[in-house]
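Try each task before reading its solution.

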Amino acid sequence: ARRASETAALLGLAATECPELRDQSFGAWSGMSLSELQATEGEALAAWTSDPAFTPEGGESVAAVADRASAFLDRLLQGSPSGCTIAVTHPAFVRTAILHVLSAPLSAFWRLDAAPLSLADLRCDGRRWALRSHGLAAAT
């Protein structure tokens, strides 16, 4: 949450913390690089990158992040907010939100990228969400 709060501040936004937008919990894998995981947890890493329901020890599955993203977007859609909502969040959340908007399977999670300081423009008309753009670099 700290890096999202700092990013929001750098963008000049007055942020309100929303627990649904938190980063994916990697549990015992927190702080480890993919190469370290490959060397020590190769089978588990392969399972994680192929099965959205796989949960690292003490962590959170991609499916659980997707549930949070879906709930967040559905809540905004039900509330039909006026104006816009800017959510400064983490790559896993962004990727699962895009999959929700596109009604795409969670197996496509690894085919999306959400680079640091990039934008995903999701729009709703009160009935449905649409992806307007994704991957644009944020202006700082």
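**Ground rules.** This is a predicted model, in which local features need pLDDT of at least 70 and side-chain atom pairs count only at pLDDT 80 or more, while totals for chains, interfaces and linings use all residues. Residues are numbered from 1 along each chain as its sequence is written, and side-chain values use heavy atoms, with hydrogens and water left out.

**Exercise 1.** Find how many salt bridges the model holds.

*Solution.* Start with the rule: a side-chain nitrogen of Lys or Arg lies within 4 Å of a carboxyl oxygen of Asp or Glu. Applying it gives eight salt bridges.

**Exercise 2.** Describe how R2 and E6 pair, and where they sit.

*Solution.* First, take the distance: their side chains form a salt bridge at 2.8 Å, N to O. Finally, check accessibility (buried under 20% relative accessible area, exposed over 50%, partly exposed in between; 1.4 Å probe, protein chains only). R2 is exposed at 66%, and E6 is partly exposed at 41%.

**Exercise 3.** Work out which residue R127 pairs with.

*Solution.* The partner is D125, in a salt bridge of 3.1 Å from N to O. Then compare accessibility: R127 is exposed at 64%, whereas D125 is partly exposed at 39%.

**Exercise 4.** Name the residues that R22 joins in a network of salt bridges.

*Solution.* The network links R22 with E60 and R68.

Note on methods
Helix = DSSP H or I, 4+ residues; strand = E, 2+ residues; numbered from the N terminus.
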